[in-house]
Amino acid sequence: MFGLVDKQATIRQLYQIAELEKPKAQPTRAPEFMRLLVPPDQPRIAGDDLDFRDEVMAQIFEKGNPEPKRTLTFYIEVTDEGSTHGTALRQRRTFRNWRRIGTLKFDNAVISYNGDSVIHFNHPTWRSDRNNPSTATRVNGRKVR
């Protein structure tokens with residue numbers, strides 16, 4: 001299904017983040033790739049077949065205690081240097097020259113039914129040039145390319 005609606009079904013462009021609170025006259029400079037990297041000193045949660053949600057909660061809370069005790073941190077890294085290999089059914093990417101631009105630090109968390117079943121994240125329309133809004137495939141919700 002993603003292949004029918006997206007130009008690149010296995011990646012998402014980052015221009016929406018790059019354009020947050022950016023003056024309109026300033027050109028967009030969105031990285032091509034971003035990753036969230038767990039710092040090496042972040043504790044590892046032991047256990048077989050752990051669910052991601054359980055790992056997040058165990059990073060921040062002691063079992064049975066609703067008060068947060070720790071934080072969960074990710075490094076934000078970006079690069080424009082990557083290559084794609086393989087077929088459309090089995091794509092693999094390699095990257096180089098990651099640049100750290102910040103961190104995300106979570107000091108609280110919640111697991112809810114809505115988080116799994118109701119919440120929806122918008123996927124921005126594809127741009128032929130990620131830094132040029134006029135190259136979007138949709139404008140005001142209507143397909144233009």
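**Aromatic and charged side-chain contacts**

Mentor: Phe95 is partly exposed, with a relative accessible area of 33%; on this scale buried means under 20% relative accessible area, exposed means over 50%, and partly exposed lies in between, with a 1.4 Å probe and protein chains only. The model is a predicted one, in which local features need pLDDT of at least 70 and side-chain atom pairs count only at pLDDT 80 or more, whereas totals for chains, interfaces and linings use all residues. Residues are numbered from 1 along each chain as its sequence is written, and side-chain values use heavy atoms, with hydrogens and water left out.

Phe95 and Trp98 form an aromatic pair of the tilted kind, at 5.2 Å centre to centre and with 50 degrees between the planes. Rings of Phe, Tyr and Trp (for Trp, its six-membered ring) pair if their centres lie within 6.5 Å; planes under 30 degrees apart count as stacked, over 60 as edge-to-face, and the rest as tilted. Trp98 is partly exposed, its relative accessible area being 24%.

The structure holds three aromatic pairs. One of them joins Phe33 and Phe95, whose ring centres are 4.8 Å apart and whose planes stand at 70 degrees, so this pair is edge-to-face. It links distant parts of the chain, since Phe33 belongs to strand β1 and Phe95 to strand β4, 62 residues apart. Helices (H or I, at least four residues) and strands (E, at least two) are DSSP runs, numbered from the N terminus. Phe33 counts as buried, at 8% relative accessibility.

The charged end of Arg100 sits over the ring of Tyr75, 3.6 Å from its centre, and that of Arg127 sits over the ring of Tyr15, at 3.5 Å from the centre. The criterion is that NZ of Lys or CZ of Arg is within 6 Å of the ring centre and within 35 degrees of the ring normal.

Turning to paired charges, the structure holds nine salt bridges, each defined as a side-chain nitrogen of Lys or Arg within 4 Å of a carboxyl oxygen of Asp or Glu. In one of them, the side chains of Glu81 and Arg96 meet at 3.5 Å, N to O. Glu81 lies in the loop between β2 and β3, and Arg96 in the loop between β4 (92-95) and β5 (99-106), so the pair ties together parts that are 15 residues apart in sequence. Glu81 is partly exposed at 31% relative accessibility, and Arg96 is partly exposed at 45%.

Arg29 and Asp80 form another salt bridge, at 2.6 Å from N to O. Arg29 is in the loop between α2 (15-18) and β1 (33-37), while Asp80 is in the loop between β2 (72-79) and β3 (82-85), so this pair ties together parts that are 51 residues apart in sequence. Arg29 counts as exposed at 53% relative accessibility, whereas Asp80 counts as partly exposed at 29%. Both belong to a network of salt bridges that links Arg29, Glu32, Asp80 and Arg130.
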